Amino acid sequence: NVKNLKTHDKGKTFETITSSLENLGYHVKSKVLNTMEYGNIPQNRERIYIVGFKNKKHFQKFNFPNKKKLTKKIQDCLDPKKQSEKYYYNDKPLFEKIKNDVVSKDTIYQWRRIYVRSNKKSMCPTLTANMGTGGHNVPIILDNFGIRKLTPRECANFQGFPKSYRFPNLADSALYKQIGNSVSI
């Protein structure tokens, strides 16, 4: 779940979840992990993981994974060829608002309704379920052909889905939502 689950309602929500699991006989561990630190995926995605064990020996043996060195770069998740025109902003009204801010091919940007935010860590920002709902929150890049939003396939790459994974034939908005709701692989 989102990392703020731990502090929601001054920690009461998390305490309710933990105590409910413990009352059901589970031994519980939790930790906030970031995809870029544990999955070798260049996405800043902090999530809380809650693991429960009925068997106390298994609980005692369990450790969350160690951090992994991030070797993948933004460019490793992008498709270098020209995408469908529907992803480009070049001839759309938004282009005039973003053209002076989206200037580097090594940065992922976000349109935040009234301004462009660049991601300083050379990471993809957290992909969200509301990507594709009116253009808000879908990360934006500059490629050799212009300024565009990430495609659903590229978003899947930033979640760690294997290249061989095929999504069902759905509208892009539904695919963005599925990808934003998924857990990084």
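Predicted model: local features only at pLDDT ≥ 70, side-chain atom pairs only at ≥ 80, totals over all residues.
A pocket is here an open set of grid points, on a 1 Å grid over the protein atoms alone, with protein on both sides within 12 Å along at least five of seven lines. Rolling a probe the size of a water molecule over the atoms shows where empty space is left.

The largest pocket holds about 210 Å³ of space. Its lining is made up of 14 residues, of which Gln110, Arg117, Asn119, Pro125 and Thr126 are the closest to the centre. Sorted by class, this lining contains six polar, five charged and three nonpolar residues.

Strand E5 (residues 140-143) supplies the largest share, three residues. In the lining of the second largest pocket, five residues are nonpolar, four are charged and two are polar.

Attention then turned to helix H7, which spans residues 172-181. The buried residues of this helix are Asp172, Leu175, Tyr176, Ile179 and Gly180. Viewed down the axis of H7, these buried residues fall within an arc of 130 degrees, and therefore they line one face of the helix. An α-helix has 3.6 residues a turn, so residues three or four places apart point the same way. The cover over the buried residues of H7 includes strand E6 (146-149) and helix H6 (152-158).

Notes:
Residues numbered from 1 in each chain as written. Heavy atoms only, no water. 1 Å grid on protein atoms, 1.4 Å probe; cavity = no way out; pocket = protein on both sides within 12 Å on 5 of 7 lines; lining within 4 Å. Points joined across faces, edges and corners; volume = space filled by probe spheres on them. Nonpolar A, V, L, I, M, F, W, Y, C, P; charged D, E, K, R; others polar. Helix = DSSP H or I, 4+ residues; strand = E, 2+ residues; numbered from the N terminus. Buried < 20%, exposed > 50% of the residue type's maximum accessible area, 1.4 Å probe, protein only. Arc of directions from axis to C-beta. Contact = heavy atoms within 4.5 Å.
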